[in-house]
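Visitor: I would like to learn how to read a structure like this one, feature by feature. Could you take me through it slowly, giving the idea and then the case?

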Amino acid sequence: VTDLHPDRLLPADPATRHVARALYHEIADLPLVAVHGHVEASMLAADQPFGDPAGLLVTNDHYVLRVLHSVGVPLEQLGRVAASEGPAPEESERTAEPRAVWRLLCRHWGAFRATSTRLWLEHELTTLFGVELPLTEAAADDTYDVIAACLARDDFRPQALYRRFGLEVLSTTDPPGADFAPHDALQAGGLAVVPTLRPDTLTDPTRADWAESVDGAGVTSYRGLVDHLRAERQRSAEHGAVATDHGHVRADTEDLGPVDAGRLFDRVLAAHAGAAHVGAAHAGASGAEHYDAERLGAQLLTANAIMALDDGLVMQLHTGVRRDHDRGAAARYGSDVGADFPIAASFTDSLRALLGRCGNEPGFRLVVFTVDETVYSREIAPLASYWPGLYVGAPWWFLDAPDAMARHFAATAESAGYAKLTGFVDDTRAFCSIPARHDVARRVIAAHLARLVVEHRLTEEDAAAVAADYAYHQPRSVYRIGGS
Ligand SMILES: [Zn+2]
């Protein structure tokens, strides 16, 4: 087995490397706190063996799909099933044979050089499965067999891995109306898997499925929608939730009075009904209708912030992403195939209404994530350096790579301070990549802090405290894990 280099991602010059090594070793084995992500509670609760290596590590990992698609590999050759051929890509229904999918990964292993995805996969392949690196097409069947043999073992079932990974808490992401029985069962078994309400289907009226979701919830008015959201938030909190998550395209917020908000809701609902009547997708809405829909979404973000003052749930906002950019692929293969891309994001003007209403209130916490990294230094860090209720989310969705994370620290810490960062958040749907992602982040923060130590800007004691905060204590305290 080719071992990973123990000093990978640490600084090259000996003096800084020496400090970085010490910082990293202090935090390397701290428990994992995964406060935002997309692993399914039902998968963990069922605790069935993972299927084949290709399904686990390729077909359902949108980071891997993106890279392979970019070098010309069609999605169906990677195991994604076209909608016309069947429903969701269940293992039994996949058109591509898993070994063939795995061979494609091996053939294109070179395309992953220097990507974060390859760092994570190398970590998983060696530490978890004992696979020899580099992957080669000639050895593809052998590596497939090694991984498949592991996956057949009881100690590779989801709950056994959860314990082996050292996970202390894992947050899932759940739509309105979600069944929390899997969370309850896992918690009863000693695994702190907690839900996170993501009410976008009800709070983002620019979505084509908004009216249907509102109707399904039995909601007919703005007041009714807010009451429904309050109840859903409460229900998630009763099952252990510590946060909500909001995935709007823009961070725009409004603070309208009840009369204006009510009228706006009525207009947007009527426009959706009109669009459905003529059989048009909401994408074909007029400019005025789209403006109304965006404003109602902006108002509903502030409504959630106001409810957070009462229920104490931390508010997360993921914006600046154009999802499903490849409309054809989205129609054929669904979401989460890797075609989500940055758009220019803005926060200073956009968050003004929400922060003006809630940003100074004791206990209010808004965590903002973006994939537009230019906005970290221009807007997010300065805002967080003033507003007590605003926190800088961890770098996310291809910004969770070593150099991008280093740029994130450089862009935020000097103005906002480490206390206003959330600490590391892995935000993954690839369960087996969780330890690898935390390990990379721990190396990068150690490298970043080591430079400040050798430049005599931080003492080693301060750097050690920041490193431990970023890796472990800060996500716990910002997200109030255990009521902190
Ligand atoms: Zn997420």
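Visitor: Which residues of α7 are buried?

Guide: Bear in mind that this is a predicted model. A residue counts as buried when its relative accessible area is under 20%, and in α7 that description applies to Ala140, Thr143, Tyr144, Ile147, Cys150 and Leu151. These residues lie on the same side of α7, because they cover an arc of only 125° around the axis.

Visitor: What do the buried residues of α7 pack against?

Guide: Their packing partners are three helices, namely α3 (53–59), α5 (98–107) and α6 (116–128). As for the geometry of α7 itself, the helix comprises twelve residues, 140–151, and its span of 16 Å from first C-alpha to last is close to the 16 Å expected at 1.5 Å a residue.

Visitor: How should I read a strand, and which way do the residues of β8 point?

Guide: In a regular strand the side chains alternate between the two faces of the sheet. In β8, Leu366, Val368 and Thr370 point one way, while Val367 and Phe369 point the other way, and all are buried. Since five of the five residues of this strand, 366–370, are buried, β8 is largely enclosed by the rest of the structure.

Visitor: Which strands pair with β8?

Guide: Strand β5, residues 314–319, pairs with β8 in the parallel sense over five bridges, and within that pairing threonine 319 has threonine 370 as its bridge partner. Strand β9, residues 390–392, also runs parallel to β8 and is joined to it by three bridges, with valine 367 bridged to tyrosine 391. Between β8 and β9 the chain passes through helix α17, residues 374–384, in a β-α-β crossover that is right-handed.

Visitor: In what order do the strands of the open sheet stand, and which are at its edges?

Guide: The order is β1-β2-β3, three strands with parallel pairing.

Visitor: Which protein atoms are the donors of the zinc ion?

Guide: The protein donors here are NE2 of His36, NE2 of His38 and OD of Asp427, at 2.1 to 2.2 Å from the zinc ion, and their spacing in sequence is H-x1-H-x388-D. Histidine 38 and aspartate 427 link distant parts of the chain, being 389 residues apart, the former in the loop between β1 (32–34) and α2 (41–46) and the latter in the loop between α18 (402–416) and α19 (434–454). Both of these residues are buried.

Visitor: Where does aspartate 326 lie, and is it buried or partly exposed?

Guide: Aspartate 326 is in the loop between β6 (321–322) and α15 (327–333), and its relative accessibility of 32% makes it partly exposed. If neighbours within four places in sequence are set aside, aspartate 326 is in contact with His69 and Ala339. Glycine 257, which belongs to the loop between β4 (243–246) and α13 (258–277), likewise counts as partly exposed, at 33% relative accessibility. The C-alpha atoms of glycine 257 and glutamine 299 are separated by 9.6 Å, although these residues are 42 residues apart along the chain.

Notes: Residues are numbered from 1 along each chain as its sequence is written. This is a predicted model: local features need pLDDT of at least 70, side-chain atom pairs count only at pLDDT 80 or more; totals for chains, interfaces and linings use all residues. Side-chain values use heavy atoms; hydrogens and water are left out. Donors are N, O and S atoms within 2.8 Å of the metal (3.2 Å for Na, K and Ca); water is not among the atoms, so sites may look incomplete. Helices (H or I, at least four residues) and strands (E, at least two) are DSSP runs, numbered from the N terminus. Buried means under 20% relative accessible area, exposed over 50%, partly exposed in between (1.4 Å probe, protein chains only). The expected span of a helix is 1.5 Å times one less than its number of residues. The arc is that of the directions from the helix axis to the C-beta atoms. Contact means heavy atoms within 4.5 Å. Two strands pair if DSSP finds at least two bridges between them. A crossover is right-handed if, with the strands pointing away from the viewer, the path from the first strand over the helix to the second runs clockwise.
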